[in-house]
Structure formats: structure tokens, C-alpha cells
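Hi,

Here is the model I promised to pass on.

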Amino acid sequence: MFKTILIANRGEIALRILRACETLGIRAVTVHSEADAEAPHAKLASESHLIGPAPVAQSYLNVAAILDAAKRSGADAIHPGYGLLSENADFAEACAREGITFIGPQPELIRMMGSKSAARDAMALAGVPILPGTSELPDVESALSEAARFGYPVMLKATSGGGGIGMQVVHSDAELSKAFTMCSARAKAYFGNGSMYLEKFLAEPRHVEIQVLADAHGHAVHLNERECSIQRRHQKVVEEAPSPALDAELRMRMGEVALQAVRSLGYTNAGTFEFLLDAERNFYFLEMNTRLQVEHPVTELTTGVDLVAWQIRIAAGEALALRQADLEPRGHAIEVRIYAEDPVTFFPAPGTITSVRWPAAPHVRIDTWVGDGSVVSPHYDPMLAKLIVHGSDRPQAIARMREALDATAFEGLKTNLPLLKQVAASPAFAQGALHTGFIATHCAPESRPKAGAGTAG
Ligand code: MV4
């Protein structure tokens with residue numbers, strides 16, 4: 001097992017990885033920017049190294065400074081968390097060159113999944129269902145002739161896309177010609193790569209993803225699904241497990257398909273297969289995430305598996321000691337993401353938390369880095385906390401979420417708590433009638449509950 005792990009991240013996930021290291025009896029060291037000198041991940045670790053000024057390009061994305069800190073601290077492994085360097089194949093390769101284990105999958109698979117069209121091609125080869133669509137397209141002419149093959153509406157997508165950038169629904173040849181130039185230029189500007197592909201457009205799908213764990217000895221399990229359909233501008237807001245749309249039969253089929261993909265790729269460590277699910281219960285591969293995900297706690301609460309500890313154990317070469325038959329979902333878990341943002345415009349709203357109140361109940365898990373006096377910097381992701389509840393069934397989990405949200409309050413800065421309360425109280429949510437347009441359809445700003453007295457938002 002590793003002696004020292006360097007945590008190359010900040011915020012709640014750095015603290016989550018610290019806890020996993022404690023569980024396993026591994027020494028953990030952290031890195032921090034100048035702005036994070038007083039942040040909990042810097043203070044709570046036995047050792048923390050300054051890696052640069054506040055902007056992430058000079059600190060948390062500074063590969064040379066992070067590898068230098070790893071060498072100085074004697075780290076034999078690096079956990080990248082999510083975001084930042086977690087899906088950077090060059091960083092994973094640089095770790096290997098320095099003799100440091102990158103806690104994650106093989107760099108070549110990170111790179112392959114980073115190209116959405118290469119991922120699609122690989123999944124087609126593995127026998128995973130995909131929507132009618134194309135590989136990477138050389139030009140607009142090929143886009144037009146391919147679109148004619150499976151018909152409008154189509155979704156034009158950037159192969160290196162993310163966050164909905166360089167993506168557009170198109171309904172005609174004229175629209176496609178215009179959109180191709182626009183989206184390709186945008187993708188080129190954002191990702192340095194303007195290549196595009198097409199898929200048949202699926203209206204109001206659900207987003208259902210399958211968590212997998214695979215060791216380096218050919219053993220893999222899936223840990224069921226998470227439903228993440230409630231999103232806002234490609235940002236997940238509410239996640240749950242199990243999905244109200246799945247029964248045991250569909251869960252088994254989707255899990256089997258994910259494992260088939262894992263075997264075909266030779267994938268190791270934790271990963272997530274994202275699928276779009278339509279009203280007829282057809283599912284189609286969308287993308288693969290080659291990292292630990294923000295919403296991993298709902299899987300942990302419904303399976304009893306410590307995903308971060310297993311990521312570490314797998315990276316150290318341990319055999320996966322989990323049997324598929326022991327991983328049926330138990331009860332129901334719901335997670336909401338609390339962001340520092342304006343409740344009306346949804347823009348990030350950094351500031352200082354003067355005081356925070358949390359629910360105290362045994363079925364509530366709070367993954368956070370904030371407390372009284374925490375400073376939320378404009379340089380970093382404005383997520384403050386994840387509130388996760390567990391219940392014996394979905395109605396109980398929803399009731400517990402509503403109570404937990406009512407017992408939560410922030411003073412000093414604006415948060416999305418009003419939106420979260422609105423979702424949790426919505427009849428459509430109670431019915432499980434979820435789709436990717438849920439917030440736009442059901443969460444009108446005028447019917448949102450007001451923040452409690454004394455809060456700025
Ligand atoms: C789609 C789609 C409908 N049809 N592809 C959004 C982010 C990107 N990763 C893929 N996305 C979508 N791809 C086809 N062929 C609808 C979306 C989509 C979406 C997907 C999952 C969760 C939320 C979403 C919100 C809007 C659009």
C-alpha cells in the first residue's frame with residue numbers, strides 16, 4: 001500500500017480524500033494556492049505545500065509545482081479528485097514518468113474518453129448502444145450528407161466538448177451549415193480543437209449513469225445507477241440513486257453493458273458511463289467520466305462501498321473484494337449541491353460566510369469545506385457543500401431532504417437554497433417525472449421560496 005498520498009485538489013473533495021486516507025492509515029499531504037493558505041484542506045493535512053498564486057492555471061493546474069511538492073513530501077501516489085487535473089492524460093503520464101502512481105485509469109483511456117467521438121466509436125465496437133450518428137466529421141459537406149442519412153433534428157457536438165460548449169440542436173440543412181461554423185469556432189477557442197460530430201437528437205431524455213469499479217486483475221463490478229437529470233446549464237443540481245425510471249431488469253441490463261465496455265477497454269479504477277434514457281426505456285451511451293464524480297456519495301449510501309478507498313486500493317494493485325450479488329441498491333439516497341450563487345441570475349456569488357447552520361440527523365451526510373467565516377473565492381468553483389440524505393425508500397428520502405434543507409441556513413452570502421427547496425417540494429419531483437428540462441419546466445423563479453430571514457439571499 002502507498003505510504004504517502006498527495007491530494008491535488010481543494011474544497012470538499014480534498015477533505016473527502018483526506019478521510020479515505022485516514023480510514024486506510026495512509027499519510028496524506030495536500031497542496032494549496034496563496035489564496036488557500038487558511039483553507040481547511042491546507043490546515044487539516046499533516047503537511048501542505050504552497051504551489052502558486054490564486055489562479056488555477058498557476059496553482060492547482062501547475063503540473064511542475066505539484067510534481068515538485070510530491071517529490072518533496074515523498075508521496076508515492078497522487079489523487080486528483082474531480083475537475084482540475086483529474087482527466088488530464090498528460091498529467092497522468094507525467095506522474096508515471098516521475099515514478100508516482102496516478103490514482104485513476106490508464107492515461108490512454110483518459111485521452112480516448114476525452115474525445116467524445118472516439119469514445120462513441122469505441123463504445124460502438126464494444127457493442128454498447130449508441131444513438132444514430134457519426135464519427136469525427138472532416139467538414140460541413142460531410143455533416144450535411146450524414147444528417148440526410150438519419151434525418152433532423154440532429155445534435156451537433158464538439159468532439160472535445162464539455163459543459164454544452166460547441167453543442168447545438170439543428171433542424172435543417174441551412175441551420176446545420178451555420179451552426180457547424182459557429183460551434184466549431186467556439187470549440188476551437190475553448191478546447192483548442194474544432195472537430196465536430198453528429199447524433200440524432202433525443203428530446204427531454206433522462207440522464208442516467210452507471211458507476212463501475214475495476215481492478216488490475218480483470219475483476220470488475222458495477223455499483224448501479226445515479227439519476228442526474230436535474231441540471232441547470234449543464235451543471236448537475238440534484239442526483240439520486242436508484243433512478244425512479246429503472247427497475248431491477250433495466251438496472252441489470254445497463255450494468256451489464258457498462259461491464260462489457262470495461263472489459264472491452266481493459267479499464268481499471270473507478271469510472272462512470274453516462275447514458276441518455278428515453279421514455280421507451282431505450283438507453284444510449286453519451287460519455288464516459290474517467291474520474292471520481294461529485295455525486296459519488298449517493299452510490300456510497302446505497303451500496304455501503306467506500307469508492308475513494310477502493311480507488312486507492314485498486315491503484316495500489318489490490319484485488320477488488322466486492323461481489324456483484326452484494327451490490328443491490330439499499331434504500332434511496334438524494335444529493336443536492338449547494339452553490340454560492342445568485343438565486344435569480346444563477347451567477348456565482350463569492351463572498352464570506354458569516355455563519356452557517358447545518359441539519360443534525362443520523363440519515364444526513366454533509367460533504368463540505370465551509371464553516372463560519374469561510375471565504376468563497378472568485379477564483380474557484382462556487383460549490384459550498386453537498387447535502388446527502390438516505391431513506392428506506394424515495395418518499396422517505398424526499399421528506400428527509402425537505403427537513404434537511406429547512407434546517408440549513410447561510411448568512412453573509414447568496415446561495416441556491418431557494419431553488420433546491422423548490423425542487424424538493426415540487427409535485428413533479430415527488431412523481432419522479434424527471435428529465436433534463438426539469439428546472440426550466442417546473443422551477444419558475446417567481447414561485448421559488450424566499451431565503452430565510454437574516455440571509456443575504
Ligand atoms: C444529447 C442530448 C440529446 N440528444 N445528445 C448535454 C451535455 C453533453 N454532454 C451531452 N448533452 C446532451 N446530449 C443527443 N443526441 C441532450 C443533451 C443534454 C443533456 C444531457 C444530459 C443532461 C442534461 C442535458 C441538458 C441538455 C442537453
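**What I found**

L156 is buried, at 0% relative accessibility (buried means under 20% relative accessible area, exposed over 50%, and partly exposed in between, with a 1.4 Å probe and protein chains only). This residue sits in strand β6 (strands are DSSP runs of E with at least two residues, helices are runs of H or I with at least four, and both are numbered from the N terminus). The C-alpha atoms of L156 and Y197 are 6.1 Å apart, although 41 residues separate the two along the chain.

Before the rest, some housekeeping. This is a predicted model, so to speak of local features we need pLDDT of at least 70, and side-chain atom pairs count only at pLDDT 80 or more, while totals for chains, interfaces and linings use all residues. Residues are numbered from 1 along each chain as its sequence is written, and side-chain values use heavy atoms, with hydrogens and water left out.

**The ligand**

The ligand has 15 residues around it, and K157, E199, K200, L202 and E287 are the closest (a residue is near a molecule if one of its heavy atoms lies within 4 Å of it).

- K157: a polar side-chain atom at 2.9 Å
- E199: an N or O atom of the side chain at 3.0 Å
- K200: a backbone N or O atom at 2.8 Å

For reference, a polar contact is a pair of N or O atoms within 3.5 Å. On its own the ligand has 530 Å² of accessible area, and the protein covers 86% of that (Shrake-Rupley method, 1.4 Å probe). Strands β6 (154-158), β8 (196-200) and β13 (283-289) are the elements that give two or more residues to the shell. Sorted by class, the shell has seven nonpolar, four polar and four charged residues (Ala, Val, Leu, Ile, Met, Phe, Trp, Tyr, Cys and Pro count as nonpolar, Asp, Glu, Lys and Arg as charged, and the others, Gly among them, as polar). The ligand lies between domain 2 (132-200) and domain 3 (206-447), because both give residues to its shell; the domain bounds come from an automatic or database assignment.

**Aromatic pairs**

There are six aromatic pairs in the structure (ring centres of Phe, Tyr or Trp, the latter by its six-membered ring, within 6.5 Å; planes under 30 degrees apart are stacked, over 60 edge-to-face, the rest tilted). One of them is F91 with F102, edge-to-face at 6.0 Å centre to centre and 80° between the planes. F91 belongs to helix α4 (residues 89-97) and F102 to strand β5 (residues 101-102), so this pair ties together parts that are 11 residues apart in sequence. F91 is buried at 1% relative accessibility, and F102 is buried at 9%. Y190 and F191 make a tilted pair, because their ring centres are 6.1 Å apart and their planes meet at 45°. F191 is partly exposed, at 32%.

The peptide bond from Y152 to P153 is cis, with omega near 0°, and P153 is in the loop between α7 (140-150) and β6. A241 and P242 are also joined by a cis peptide bond, with omega about -5°.

R233 is not a glycine, yet has a positive phi of about 45°. R233 is exposed, at 60% relative accessible area, in the loop between β10 (220-232) and β11. R281 has a positive phi too, near 65°, and is partly exposed at 30%.

Cheers

Methods:
A polar contact is a pair of N or O atoms within 3.5 Å; within protein, one must be able to donate a hydrogen and the other to accept it, and residues adjacent in sequence count only if both atoms are side-chain atoms.
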